[in-house]
Amino acid sequence: NRFDEETDLTDQNERNGTSSETRELQSTGKYDLRQRQEVDYRKLALDAAGNVERYKARLVIKGFQQREGIDFAEIYAPVVRKTALRMFLTVAAVQDLELEQLDIKTAFLNADLVEDIYMKFPEGVQPVPGKVLKLKKSLYGLKQAPRMWNKLLTTTLKEVLGCACNGVEESVLLCRSDTSVCYICVYVDDILLASSDKTLLQKVIDGLCSKFDARHLGPAHLFCGMVMTRNRKSRMMHLSEAAKIDKTLDKFGMDNAKERRVPLSECMKQGKVESDEELVVQYQQLVGQLLYLSTTVRPDIAHAAAVLSRYMSKPAQEHWKAAKR
């Protein structure tokens, strides 16, 4: 049991996080008498600067024990692509739309389950001899949990609020009124809403808050790790992930590295292959970070990251030096 092995609730914040999750499960009736599980309280919510904003606890079922065709079937759940997200933010900035953000609390716990899933009594719940728990709702760790939540959310948006998919991106929906439209961007339990009509925007927000336990975070500032800074007068938006970039520089000993205006100035060739396994691992980690950043806040390094990714399996010292530039 990972809870018994890893958990030492000596910090009051951690105890509060775990107690809050337990109360949420008990008060909302997420299970019937017949179930089983473990708590991983080591989840932190970070702010834009990478500092701990609050402690979170999650009851996580042992999904690795599920059997395909018996305990689950389809598991695919769409999330907005980074390219579609940047396009969404571009439209919001250029058209000077109101941009608001919602966070659905304990999102996966809202979705119903089709299969019969059982688990042990979790820590904090008084066990009944000879009994287990049968899940009534989805739970973190289940393979089908993301799909069931996405299905519930999109159904609510379409049938209750009258939204419709745009035909290109499943996770970007449109909610229309007679004279205006509200764009809705979904990334699991984080939602962005953009519209020029404040009345329509508030209607959609109120509709979601009435169906789910949601936090209205106000004007969007931090989404998917990206910090958004708007200049509405010039209709521009700046995206950054300074905390992630600083962490990457610190990890690879580049705190005092000098800035270069050209990401990759020379032609890369295979070169002499290194046998150092540590170099291979570090190179793959660094290039992986560069590839991620190239799809979010640094599209200017996309070509350089793509070129460096050609040598992931057998990097040479020249590739390592080029990646650190």
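Helices, taken as DSSP runs of H or I with at least four residues, and strands, taken as DSSP runs of E with at least two, are numbered from the N terminus. On that basis the protein chain holds nine helices and 14 strands. The model is predicted, and every value below is computed from it. Of the 325 residues of the protein chain, 42% count as buried. Among the contacts in the protein chain with a separation of 6 or more, 70% are accounted for by residues 24 or more positions apart.

Two helix pairs, both involving helix α7 (residues 277-295), can be set side by side.

| Helix pair | Angle between axes | Axis distance |
|---|---|---|
| α6 (residues 242-251) and α7 (residues 277-295) | about 165 degrees | 11 Å |
| α7 and α9 (residues 317-324) | roughly 35 degrees | within 10 Å |

The angle of about 165 degrees between α6 and α7 lies in the range over 145 degrees that counts as roughly antiparallel, and α6 and α7 are therefore roughly antiparallel to each other. The crossing of this pair is left-handed. On the α6 side the contact is made by K244, I245, T248 and K251, while α7 contributes Q285, L286, Q289, Y292 and L293. By residue class, this contact between α6 and α7 comprises four nonpolar, three polar and two charged residues.

The crossing of α7 with α9 is left-handed. Here L279, Q282, Y283, L286, V287 and L290 of α7 meet Q317, H319, W320, A323 and K324 of α9. The residues of this contact between α7 and α9 divide into seven nonpolar, three polar and one charged.

Two buried polar residues come next. T156 sits in helix α4 (residues 145-160), and because its relative accessible area is 8%, under the 20% limit, T156 counts as buried. A polar atom of the T156 side chain lies 2.8 Å from the backbone oxygen of L152. Once neighbours within four places in sequence are set aside, T156 is in contact with L161, K211 and F212. Of these residues, K211 is 55 residues away from T156 along the chain, and the C-alpha atoms of T156 and K211 are separated by 8.1 Å.

Q66, by contrast, is placed in the loop between β3 (52-60) and α3 (82-94). With a relative accessibility of 11%, Q66 counts as buried. The side chain of Q66 takes part in a polar contact of 2.9 Å with the side chain of Q144, and a polar atom of the Q66 side chain lies 3.3 Å from the backbone oxygen of D71. Not counting residues up to four places away in sequence, Q66 touches D71, F72, I117, G141, L142, K143 and Q144.

Backbone geometry gives two further entries. C224, which is not a glycine, has a positive phi of about 55 degrees, and C224 is found in the loop between β12 (222-223) and β13 (226-231). R235, also a residue other than glycine, has a positive phi near 55 degrees, and R235 lies in the loop between β13 and β14 (236-240). The relative accessibility of R235 is 43%, so R235 counts as partly exposed.

Definitions and conventions: Residues are numbered from 1 along each chain as its sequence is written. This is a predicted model: local features need pLDDT of at least 70, side-chain atom pairs count only at pLDDT 80 or more; totals for chains, interfaces and linings use all residues. Side-chain values use heavy atoms; hydrogens and water are left out. Buried means under 20% relative accessible area, exposed over 50%, partly exposed in between (1.4 Å probe, protein chains only). Contact means heavy atoms within 4.5 Å. A polar contact is a pair of N or O atoms within 3.5 Å; within protein, one must be able to donate a hydrogen and the other to accept it, and residues adjacent in sequence count only if both atoms are side-chain atoms. Axes are lines fitted to C-alpha atoms, for helices over the stretch in contact, and angles run from 0 to 180 degrees between N-to-C directions. Angles under 35 degrees count as roughly parallel, over 145 as roughly antiparallel, 65 to 115 as roughly perpendicular and the rest as oblique. A crossing is left-handed if the near helix is turned anticlockwise from the far one by less than a right angle, and right-handed if clockwise. Ala, Val, Leu, Ile, Met, Phe, Trp, Tyr, Cys and Pro count as nonpolar, Asp, Glu, Lys and Arg as charged, and the others, Gly among them, as polar.
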